[in-house]
Amino acid sequence: MANVTILVKDKAVVIFSKSSYCICHNIKTLICSFGANLTVYELDEHAYGQQIEKELIALGCKPCVPAVFIGQELVGGSNEMMSLHLKGKLVPMLIKERAIWL
C-alpha cells in the first residue's frame with residue numbers, strides 16, 4: 001500500500017483513474033463541477049500504474065478505478081460517489097476536507 005499511501009498524503013481529493021474509461025471521466029467531472037481541488041492519477045499513463053492497481057484491489061476496490069480518496073480515506077468507486085451525491089453527503093465531505101469552499 002506504499003504507493004497509494006504516498007500519493008494520497010496531504011491531498012484533499014485523489015482520484016485513481018484510467019484515461020479511456022468513461023465512468024472515470026464522469027466521476028472526475030462530477031467532483032470538478034463543485035469547483036473541487038483534486039489530484040488525478042491516470043493509471044494507464046503512470047509509471048507504477050500496474051502496482052498501484054494491485055494495491056487498490058488489495059484495499060477492496062473492485063473494479064479498481066475509479067477509486068476516490070477524500071481526506072486520505074478511501075470513499076469508493078463510482079457507485080459510492082453517486083450514492084453520496086444523491087444523498088447530499090458529497091459536498092459536505094468536500095467542504096470538511098477543504099477541497100471546496102462555500
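**Stop 1: Val-75**

Select Val-75 and show its surroundings. Apart from neighbours within four places in sequence, Val-75 is in contact with Val-68, Phe-69, Ile-70, Glu-80, Met-81, Leu-84 and Met-93. The model is a predicted one. Val-75 sits in strand S4, which covers residues 73–76. Is Val-75 buried or exposed? Its relative accessibility is 18%, and the limit for buried is under 20%, so Val-75 counts as buried.

Val-75 and Cys-61 are 14 residues apart along the chain, and their C-alpha atoms are separated by 9.9 Å.

**Stop 2: the whole chain**

Zoom out and switch to a cartoon view. The chain holds 5 helices and 4 strands. Followed from the N terminus, the order of elements is α-β-α-β-α-β-β-α-α. The C-alpha trace spans about 35 × 25 × 20 Å along its principal axes. What radius of gyration would a compact globule of 102 residues have? It would be near 13 Å, and the chain agrees with this because its own value is 13 Å.

Of the 102 residues, 42% are buried. Taking contacts between residues at least 6 apart in sequence, 63% join residues at least 24 apart. Colouring by charge brings up 10 positive and 9 negative side chains, with the centres of the two sets 6 Å apart.

**Stop 3: the aromatic rings**

How many aromatic pairs does a search of the whole structure find? The search gives 2. For the pair of Phe-16 and Tyr-41, the ring centres are 5.5 Å apart and the planes make an angle of 25°, a stacked arrangement. This pair links distant parts of the chain, with Phe-16 in strand S1 (residues 13–17) and Tyr-41 in strand S2 (residues 39–42), 25 residues apart. Phe-16 counts as buried because its relative accessibility is 0%. Tyr-41, at 14%, counts as buried too.

Select Phe-16, Tyr-41 and Phe-69 together: they form one aromatic cluster.

**Stop 4**

Go to Ser-78, in helix H4 (residues 78–86). Ser-78 counts as buried, because its relative accessibility is 17%. Which residues does Ser-78 touch, leaving aside its neighbours within four places in sequence? They are Ile-23, Ile-27 and Pro-66.

Next select Glu-45, in the loop between S2 and helix H3 (49–58). Glu-45 is exposed, with a relative accessible area of 58%. Along the chain, Glu-45 and Ser-78 are 33 residues apart, and 20 Å separates their C-alpha atoms.

**Stop 5: backbone details**

Most residues other than glycine have a negative phi, and most peptide bonds are trans. The next selections depart from that.

- Lys-62 and Pro-63: the peptide bond between them is cis, with omega near 0°. Pro-63 is in the loop between H3 and S3.
- Val-65 and Pro-66: the bond from Val-65 to Pro-66 is also cis, with omega near -5°. Pro-66 lies in the loop between H3 and S3, and it is one of the contacts of Ser-78.
- Asp-10: phi is near 60°, a positive value in a residue other than glycine. Asp-10 is in the loop between helix H1 (2–8) and S1, and counts as exposed at 67% relative accessibility.
- Arg-98: phi is positive here as well, near 60°. Arg-98 lies in the segment after helix H5 (90–96), and is exposed with a relative accessible area of 62%.

Technical notes:
Residues are numbered from 1 along each chain as its sequence is written. This is a predicted model: local features need pLDDT of at least 70, side-chain atom pairs count only at pLDDT 80 or more; totals for chains, interfaces and linings use all residues. Side-chain values use heavy atoms; hydrogens and water are left out. Rings of Phe, Tyr and Trp (its six-membered ring) pair if their centres lie within 6.5 Å; planes under 30 degrees apart count as stacked, over 60 as edge-to-face and the rest as tilted. Helices (H or I, at least four residues) and strands (E, at least two) are DSSP runs, numbered from the N terminus. Buried means under 20% relative accessible area, exposed over 50%, partly exposed in between (1.4 Å probe, protein chains only). The radius of gyration is taken over C-alpha atoms; the globule rule is 2.2 Å times the number of residues to the power 0.38. Contact means heavy atoms within 4.5 Å. Lys and Arg count as positive and Asp and Glu as negative; His and the chain ends are not counted. The place of a charge is taken as NZ of Lys, CZ of Arg, CG of Asp or CD of Glu.
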